[in-house]
Amino acid sequence: MSNPILGIIGGGQLGSLLAEAAKKLDIETVILSDDTNAPAKNFTNNFICGNYEDEKIINEFINKVDLITFEFENIPYKVLNNINEQKTVLPNPKINKLIQNRYSEKDFLNKNDIRTARYVLIKDEDDIKFNQNLLPGILKTCTLGYDGKGQHKINSIKDINKDIDFSKEHILEKVVNLKKEISVIITRFGHQRYEIYEPIENVHEDQILKHSKIPADISDSIKNKSIDWATKIVEDLDYIGTLCVEYFVDKNNNLYANEIAPRVHNSGHITINTHNISQFENHIRAVCGLEKIETKKIHNGKMLNLIGSEISNFRNKTFADNEFFYDYLKTEIRNKRKMGHLTIIEK
Ligand code: ADP
Ligand code: MG
């Protein structure tokens with residue numbers, strides 16, 4: 001059987017890195033993006049630009065590929081489900097429906113006995129007033145937030161202000177007294193068939209990931225529990241592909257699941273250089289039905305996200321042989337925009 005042609009929805013850095021991994025495996029990619037300047041244009045074999053709701057564009061895309069995956073989870077469920085009726089979409093769109101909404105996502109975790117920070121659904125100002133036991137808290141829009149967007153810190157009801165758009169549903173989440181944040185990346189190939197990366201330790205600045213490192217400085221019990229929970233999640237979702245679970249560890253060493261990314265994840269960029277098989281390659285292998293290869297760590301290392309104008313200091317730099325620089329080739333430098341990353345491995 002020849003390799004399938006893989007469609008990828010979304011043309012940011014995750015789409016680019018997926019396309020690169022596919023190329024290594026001799027798999028042709030077609031990327032669909034609504035951004036004419038999508039960086040993944042530089043990395044994919046074929047690029048289609050158009051609105052995700054435009055039926056003609058979607059049909060053109062579907063006709064060019066054998067199966068479809070995506071780099072971000074916020075594609076409207078209706079669109080993704082409609083595509084899935086014509087060509088297989090992996091992971092299955094019903095997973096997106098569950099995870100696109102922070103409220104249903106957290107309910108799902110709790111139903112599986114996976115601890116989260118305490119939270120409540122907020123429809124209006126009064127709902128916050130009735131739930132002051134969750135303050136200090138973070139108000140988060142139920143849908144479409146990323147990199148801290150759509151979030152408001154609420155220390156007391158005095159912090160309720162005009163910037164909060166109550167036409168959207170929110171959750172109010174109790175602030176966790178953070179010791180550290182970690183993530184677990186897992187690729188599921190089928191029933192009880194996984195490749196799991198050891199937990200990665202993450203540092204956020206301004207709610208945007210800044211550094212990641214392997215190994216995470218955590219106890220064996222946190223390590224085992226975070227891996228168990230991630231395994232339980234993919235099995236329960238009957239998930240195919242790479243998924244990431246973001247966790248909080250509090251000052252009393254309690255573990256909380258924060259969110260699930262049903263896709264490859266920024267913290268997993270490090271796996272390109274620390275492991276024999278990266279999170280991107282494993283995702284492509286799983287969705288395309290290729291061989292599952294035992295994934296092993298080769299080096300410890302750390303990854304630094306290059307945000308906004310920071311990228312300029314790296315574009316003409318020379319690097320040591322244990323440093324790997326990735327430029328996402330975004331045409332415009334913007335404040336708080338992820339522009340590239342640098343991974344440094346321990347030899
Ligand atoms: P996003 O979808 O923007 O990544 P997150 O819920 O992951 O949203 O929040 C981004 C970051 O904000 C987290 O990685 C963490 O650093 C901080 N944060 C979010 N919720 C909490 C919380 N309940 N307690 C403490 N810190 C939090
Ligand atoms: Mg997050």
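**Entry 1: the model**
I noted at the outset that this is a predicted model.

**Entry 2: strand β15**
I began with strand β15, residues 301-307. I asked how many of its 7 residues are buried. I found 5, so the strand is largely enclosed by the rest of the structure.

Next I looked up its partners. Strand β12, residues 208-214, pairs with β15 in the antiparallel sense. I counted 4 bridges there. In that pairing I214 stands opposite G301 of β15. Strand β17, residues 338-345, also runs antiparallel to β15. Here 7 bridges join the two. I picked out L304, which stands opposite L342 in β17.

**Entry 3: K338**
I stayed in β17 and turned to K338, which is found in that strand. Is K338 buried or exposed? Its relative accessible area is 12%. The limit for buried is under 20%, so K338 counts as buried.

I then checked what its side chain meets. A polar contact of 3.1 Å links it to the side chain of N266. Leaving out residues up to four places away in sequence, I listed what K338 touches: Q13, D147, I208, N266, N305, L306, Y328 and K330. N305 and L306 are on that list, and they fall within the range of β15, residues 301-307.

**Entry 4: the magnesium ion**
I moved to ligand 2, a magnesium ion. Which residues are its protein donors? They are E246 and E259, each through OE. E246 sits in strand β13, residues 241-250, and E259 in strand β14, residues 255-261. The pair therefore ties together parts that are 13 residues apart in sequence.

I compared their exposure with the cut-off. E246 has 15% relative accessibility and counts as buried. E259, at 22%, is partly exposed.

**Entry 5: ligand 1**
I found 20 residues around ligand 1. Those that come nearest are K140, G148, E173, E181 and N258.

An oxygen atom of ligand 1 lies 3.0 Å from a backbone N or O atom of D147. D147 is also among the residues that K338 touches. The side chain of Q151 has an N or O atom 2.9 Å from an oxygen atom of the ligand. A polar backbone atom of V176 is 2.9 Å from a nitrogen atom of ligand 1.

How much of the ligand does the protein cover? On its own, ligand 1 has 550 Å² of accessible area, and the protein covers 92% of that. The elements giving two or more residues to its shell are β6 (137-141), β8 (170-174), β9 (178-190), β13 and β14.

Notes: Residues numbered from 1 in each chain as written. Chains lettered and ligands numbered in written order. Predicted model: local features only at pLDDT ≥ 70, side-chain atom pairs only at ≥ 80, totals over all residues. Heavy atoms only, no water. Buried < 20%, exposed > 50% of the residue type's maximum accessible area, 1.4 Å probe, protein only. Pairing = 2+ DSSP bridges. Polar contact = N/O pair within 3.5 Å; in protein donor to acceptor, adjacent residues only side chain to side chain. Contact = heavy atoms within 4.5 Å. Donors = N, O, S within 2.8 Å, 3.2 Å for Na, K, Ca; no water. Near = heavy atom within 4 Å. Areas by Shrake-Rupley, 256 points an atom, 1.4 Å probe, with all protein chains shown as cover.
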